[in-house]
Amino acid sequence: RMFHDDELEESEKFYVGQPRVLLLIYALYNTLVARSEMVCYFVIILNHMISASMITLVLPILIFLWAMLSVPRPSKRFWMTAIVYTEVAIVIKYFFQFGFFPWNKHVDYTKDKPYHPPNIIGIEKKEGYVHYDLVQLLALFFHRSILKCHGLWDEEEKRDSSSNKEDTDDELSLTGGRRDSSASLKSVNLAASVESIHVHFPEQQTAIRRKSSSSISQLSHRSSFSSHRSKRGKYIFKNINHSTLTLYFFQCKLHVIKSHCGLYCFRTLQVYVPIRQFFYNLIHPDYSAVTDVYVLMFLADTVDFIIIVFGFWAFGKHSAAADITSSLSEDQVPEAFLVMVLIQFGTMVVDRALYLKKTVMGKVIFQVILVFGIHFWMFFILPGVTERKFSQNTVAQLWYFVKCVYFGLSAYQIRCGYPTRVLGNFLTKSYNYVNLFLFQGFRLVPFLTELRAVMDWVWTDTTLSLSSWICVEDIYAHIFILKCWRESEKRYPQPRGQKKKKVVKYGMGGMIIVLLICIVWFPLLFMSLIKSVAGITNKPLDVSITITLGGYQPIFTMSAQQSQLKDFNQTGFNMLLAGYRGNTAALQFLEGYGKEDITLADLEGNSNSLWTISPPSREKMIQGLLDFSSEFTTYKNMKYLLSHFCFRTLGEVYPYYIKAPSDSLAKPIKQLLKGMYCKWKNITVSLVKNVSGEGVREWWVLNQLGKTFETSGDSLELIIFSDKVSPPSLGFLAGYGIMGLYASVVLVIGKFVREFFSGISHSIMFEELPNVDRILKLCTDIFLVRETGELELEEDLYAKLIFLYRSPETMIKWTREKT
């Protein structure tokens, strides 16, 4: 050992010997200390999500537009601003909690109003009004203590003092020059004094890209400017830094302080110049730790997109109970859904364009617009649209939190700068099964591959046409897939002359067999299980009966609702099964139903409508009833017209059992109404005449003979078997039916499977390539020369790639195994 210390060794042994729970606590604390800055950001954003007021809105905006854009870390000024602002916010909230304020007298009435001024400002009276602010203040002080422990709290003052010592001569000469010119400045009038203030910012220089390293990345812009002061020499007025600029403004203030206009201009410059210098140094850094977090930003946007699709109802006014599948099935597009999807998709396209153009200035402008726009929309517009506070909208809170993650990643991308070269897809960096399957899944998403290729062609400098560009992308994707398969063959080699293992055959082959069988029998299995396993009982809400004697005016109409519709109990269901013992057809029918699917309808025997018939029709009906030889008067063949739900013609006598399918077409159950256990019921029909001063009124009274459940008075019983219906989440599939599923699902999938198993012989030349490294390198070279601006070389390499695919002999030479 080069260094040995007994105390350190004993400390290490003591630490290792601690319990695992205690070691976990140590690790979590160290993680908290290392990421205390992110903890502060999280607490501030969480406080704003819960409070959602103008008081808490300031700090999140400062985080995304100041703290996260600072290099290498937020300055002491930011943390002091956050601490002081939090303390002031706590005091303001406490002051407005007193009950003598007018808006605190009706808190229960105004607490849920999104546009109530105290609610918007954040000074409303409520329980726990300051809890999250105290947690936020505690997190800020904790981070402050961590910075002080590591000597990073007063780092800027040390840098300023050291830089002042190094540049003493330059500043003295500058001060001397100013002293000499002070007399002349005093003699100049006010307008000349104001107009004579000229500020020279550093000229735009080529950004020096460097490799990412932890030591160099910690250099701040201020220290970099300080290190170059001695090199600038006589160009001190041209490339003036912040501290010298402040001194210069202080000298000028002595001459313009006498005028209110001059003081106003000076104060404006005091605010404007540091902000402009901050963003100028951000866009034109001397050094840049290049990184690429576009993939993470894209994933955050994708998560937000999914939240919008499945939670769009949270962004509309009257769509709290809406379902996107039901709305789209009815050919209705909710406005909230359409606007949110288009805005989210548009921001993703703009972000992709900025990434391809590698413009940091555009990204900064886009970041500022998004931060202000989204915060204004989420906390001022959305509560008015949804008529509820942001703190009560869980989906909007989740969307905003994911968007904050996107803002943080965007700020990190701006601070580090875009990568110099963007080569290929991020999924093609490694050649393993994970990347292979993810890449193929990426290509299966409809229009995603095509949209990405066209956008890349539009916003990338190239000499290739769109068709040539797509050709290169397709070749690269195909070669990458082959490269992954070849790498897998190298990792799991198959010895020559050895048969395939059973694990491979039954693993891969068996899985494909099961998959194909499931696809073939999917409709039958789905339609069988969807109602028996996941089906929902669909009980009738209204039962209506209309009886017509022959073709004359209806003699009986009656409806049953609510209390007249009774559920079948287990005793009645057992009696029903016992009554059909030995009847195979009836028992087979009853197996598909339970007691919860059967409803007993008790209908009043008196018709709810008067019998109105013309005298000629009345006489004709009487003659038909008196003619006993007529089929009309035969008791057994007496004709009725019964209408259940959708008015279906039935023959013979009153049916006792009715089936109510999910398609609402009611019909008698033949399995229960035929044979020796026939349950057709006889009914008595009588006409009641009431003579009063208002005239003669007639109506029919029907009564069922041989009722199963005894009821008082004249009445009719009807037992209804209701089919189960599919759950709403699977209704879009069940609506197609068995034949519809076969036509729309099985045949379409079968077409793709057939294309996979047929036509292989035509692609042998491009599929069976033993070694694809040279072709893959050629595609990568095309991407590389395109990024470096060598467009002529790009044309030559593309011509070489096309010639390679046109020449089978050359392809064989290029794809031989290396020896």
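User: What volume does the largest pocket have?

Analyst: Rolling a probe the size of a water molecule over the atoms shows where empty space is left. In this structure, which is a predicted model, the largest pocket has a volume of about 2600 Å³.

User: Which residues lie nearest the centre of the largest pocket, and how many residues line it?

Analyst: The lining of the largest pocket is made up of 48 residues, and those nearest its centre are Q440, I481, W485, M508 and F756.

User: In what order do the five strands of the open sheet lie?

Analyst: In a regular strand the side chains alternate between the two faces of the sheet. Here the five strands of an open sheet follow the order β5-β6-β12-β8-β9, and their pairing is mixed. Its edges are formed by β5 (565-567) and β9 (667-668), each of which pairs on one side only. Within the sheet, β6 (residues 598-604) and β12 (residues 715-722) pair in the antiparallel sense over seven bridges, and A601 stands opposite L718 in β12.

User: Where is E596 found, and is E596 buried, partly exposed or exposed?

Analyst: E596 is found in the loop between α29 (584-590) and β6. Because its relative accessibility is 36%, E596 counts as partly exposed. E596 and F721 are 125 residues apart in sequence, while their C-alpha atoms are 9.4 Å apart in space.

User: How many residues of strand β3 are buried, and which residue in β4 is the bridge partner of I547?

Analyst: Strand β3 (residues 542-549) is mostly covered, with six of its eight residues buried. Seven bridges join β3 to β4 (residues 554-561), and the two strands run antiparallel. The bridge partner of I547 in β4 is F556.

User: How many residues does the largest nonpolar core have, and which of them have the most contacts inside it?

Analyst: The largest nonpolar core has 68 residues, and those with the most contacts inside it are F64, W79, F315, M378, F390, W399 and Y400. Helix α22 (residues 394-416) gives the most to this core, supplying 11 residues. The core also draws at least three residues from each of domain 1 (6-150) and domain 2 (293-420). Apart from this core lies another, of 23 residues, which includes L565, I613, A660 and I683.

Conventions. Residues are numbered from 1 along each chain as its sequence is written. This is a predicted model: local features need pLDDT of at least 70, side-chain atom pairs count only at pLDDT 80 or more; totals for chains, interfaces and linings use all residues. Side-chain values use heavy atoms; hydrogens and water are left out. On a 1 Å grid over the protein atoms alone, a cavity is a set of points where a 1.4 Å probe fits but cannot get out, and a pocket is an open set with protein on both sides within 12 Å along at least five of seven lines; lining residues have an atom within 4 Å of a point. Grid points are joined across faces, edges and corners, and a volume is the space filled by probe spheres set on the points. Two strands pair if DSSP finds at least two bridges between them. Helices (H or I, at least four residues) and strands (E, at least two) are DSSP runs, numbered from the N terminus. A nonpolar core is a set of buried Ala, Val, Leu, Ile, Met, Phe, Trp, Tyr and Cys residues joined through side-chain atoms within 4.5 Å. Buried means under 20% relative accessible area, exposed over 50%, partly exposed in between (1.4 Å probe, protein chains only). Domain bounds come from an automatic or database domain assignment.
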